[in-house]
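Please examine the structure shown below and keep it in view while reading.

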Amino acid sequence: MALKEYKPGTTFPGVIGRTFDVSEPAWPEPLRAKEGAPNVLFIVLDDTGFGQLGCYGSPIETPNIDSLAAGGLLYNNMHTTALCSPTRSCILTGRNHHSNAMSCITEGSTGYPGSNGNIPFENGFLSEMLLQRGYNTFALGKWHLTPADQVSAAGPYERWPLGRGFERYYGFLGGDTHQFYPDLVHDNHQVEPEKTPEEGYHLTEDLVDKAISFVVDAKQVAPNKPFFMYFATGAMHAPHHVPKEWADKYKGKFDDGWEAYREKVFEKQKKLGIIPKDAELSRHDPDVKPWEDCSAEEKKLYARMMEVFAGFLSHTDHHIGRLLEFLKTIGEFENTLIMVISDNGASAEGGPAGSVNENLFFNNVPESLEDNLKALDDLGGPKYFNHYPWGWTWAGNTPFRRWKRETYRGGISDPFIVHWPKGIKARGEVRTQYAHAIDMVPTVLEALGLEPPASVKGVTQSPLEGVSLAHTFDDAKAPTKHVTQYFEMMGHRSIYHDGWRAVCPWPGPSFAEAGKGFGTPIPADTLTELDAKHWELYHVAEDVAENHDVAADNRAKLIEMIAQWYVEAGKYNVLPVDSRGQQRFAEERPVIAVAREKYTYYPETQAVPANAGAKVLNRPHTVTADVEIPKGGAEGVLLCHGTNEGGYSLYVKDGKLCYVHNYVGKEFFHVTSSEVVPEGRHRLSYEFEVTGEVELAKGKGAPGRGTLYIDGKPVGELELPVTVPLNISLGGGISCGVHPGAPVTPDYEPPFAFTGTIYSVTVDVSGEHVTDHEAELRAAMARQ
């Protein structure tokens, strides 16, 4: 009997005593967004200060971002957390960074509830909210929201982009990456760039290409389905990488120095109405050398570093323009709600004299003007991991004081632009209402006519902690709804309340005024003293740049503000206050695998992140490759870790076994075997013995002696007077049989794949010697 011949109440053959209602088939309704729902595009810049975009008064050309401000709204009172991962967690969840367990970057997590780096699932991402409302969801670029111990191929993947509501992802999971040799992830797996730097590859262009392809892939099937795109550039974080012609556009433009830049930007900001006409410029920072006191060589270097930065920003703007033009071409631009923000103020990680390798900063290694001058002609290219000096950082945050990682306004006041032609009538206007990154999600939800979901993936949701700015879209005089906001970053604390700001700088208002506290823990008695004597008070409704500390004349107000900071701290899991710097990054954390003394790697596998692999710094270790050398010999990488800013590599070249240790890009310690590696199956080893002490304060890892072995026979020896002390590299994991990305050594060109057979490579950190292993191996073979 055909299905249509059955009637309600029919008993089916073979089914005893049961009846079925055979009505018309009812398909589940497809999940569709409300008709006409706008697309949502977040453009998140990195380390871009308040005074660096053209529309915020900068001489740097950013015409495409400027066009969004001209056709939309420019906010002059937006705030972030002073650091990247924490701010990004706020942008995507609408909750404060300590509520997101993201008090610091993921690599600086601790075990406390506000600091463990695992964003709770009850704090849903905007991507998760919109996905269940019928949106496509795409993430591109910098992520930096997955716990550092969870970014390997072993997972778990639940806190990768695809685990937090994004359907597609293309970018890098860490805090920064080489712009010419990025550490790329596509959805849930590592990939290599499709071109080389010599073929014209650059990450920003690649990200825009993939962003366009994600949208096209979906729109050609479901043209009416809206999308949410989180587009987070690697720019303007170091390394400042850009094709030379872009940097050369600014040749000579910054020769008059950082004070002159500040003055010009400050006056332009007044003219544009971004700051009040009676505003005062913040003081000359005590940590910044006056331009007139710089030598001719210093000026030459520092000006070029800023030219490279400016070219990098203009290049970034150009490719953002390609994305905007694409939206216009497909007719989606007018109904796309676009928000542009930076994650914190301009960065001081380049140090007082700038850097050609930011990894020096993370290893306590001082810069050398002489070394940096040698890099002058190649700045911006793939050879260096460069960053500008403090003077340009300070200037980039005009008119405010200080910078990234500190909670003065220079670290937390950022550009913010909203553009939505179909939903906002106002054009080219400035908005002054107080706002914070946690306000972006509530604003989007109100603009879309949506309520925050009660649950996401079955998890009951916590309340949003931000407030909507949608009421300001067409009303310049709308009242500020965000009345109170706390700040804490690595011990540096502040709070805003109704036009006032209280700041407790740690270790002081500047490094020059700080003593020895930077990067060290704050003992309880010191915290008490700080609360009693070292809070500053500013009436920022009138004193926008925090020039006039009025704490002495407003003691009652100051006490009220300090008390309010502790109320907020208790509410949002801020305590304990952790001011540690590099000590915090070096802290032991949970890892996916149990502790062991031997790590075995195989060819044709994904690179292993540093925190998931063998930790060889400052300890005895051996690296042994079990290989087959074909007739005629072989060459290539056996095992490597790092990039051109630091690392090591064990490889075969010209028939001989080689090892190199790249000490943070400054020195290369290299040894080649005295004998040719013979054909057939062999064990090729490198052994490191520690011969001295670590001098962390001087940026020196343990000195030692390195020895090469072929089948247990010593064939080369190397003295290493110094090694990398803390951080091998800012990019590049542990790779077997190939060297992806920027090479550790100029002795070969990547990928330099091994042309023989690698069975496995084992890293042993037990302290046993190669000769011990060989004796055991020979004994085992004899027993067989």
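The following paragraphs treat a sheet, the nonpolar cores and the aromatic rings in turn.

This is a predicted model, in which local features need pLDDT of at least 70 and side-chain atom pairs count only at pLDDT 80 or more, while totals for chains, interfaces and linings use all residues. Residues are numbered from 1 along each chain as its sequence is written, and side-chain values use heavy atoms, with hydrogens and water left out.

Strands of a sheet pair through backbone hydrogen bonds, in either a parallel or an antiparallel manner. Here, an open sheet of 5 strands runs in the order β23-β22-β21-β20-β27, with antiparallel pairing. Strands (E, at least two residues) and helices (H or I, at least four) are DSSP runs numbered from the N terminus, and two strands pair if DSSP finds at least two bridges between them. At the edges lie β23 (667–676) and β27 (734–736), each of which pairs on one side only. Strand β20 (residues 636–643) pairs with β27 in the antiparallel sense over 3 bridges; within this pairing, His 641 has Ile 734 of β27 as its bridge partner.

In soluble globular proteins, nonpolar side chains tend to be buried together. A nonpolar core is a set of buried Ala, Val, Leu, Ile, Met, Phe, Trp, Tyr and Cys residues joined through side-chain atoms within 4.5 Å, where buried means under 20% relative accessible area, exposed over 50% and partly exposed in between (1.4 Å probe, protein chains only). The largest core has 81 residues, of which Ile 60, Met 229, Phe 231, Trp 258, Leu 323 and Trp 392 touch the most other members. Helix α7 (residues 296–329) supplies the largest share of this core, 15 residues. Apart from this core lies another, of 51 residues, among them Val 40, Phe 416, Val 444 and Ala 447.

Rings of Phe, Tyr and Trp (its six-membered ring) pair if their centres lie within 6.5 Å; planes under 30 degrees apart count as stacked, over 60 as edge-to-face and the rest as tilted. By this rule there are 34 aromatic pairs. The rings of Phe 138 and Phe 214 have centres 5.7 Å apart and planes at 45°, so this pair is tilted. Because Phe 138 lies in strand β3 (residues 136–142) and Phe 214 in helix α4 (residues 203–219), the pair ties together parts that are 76 residues apart in sequence. Both Phe 138 and Phe 214 are buried.
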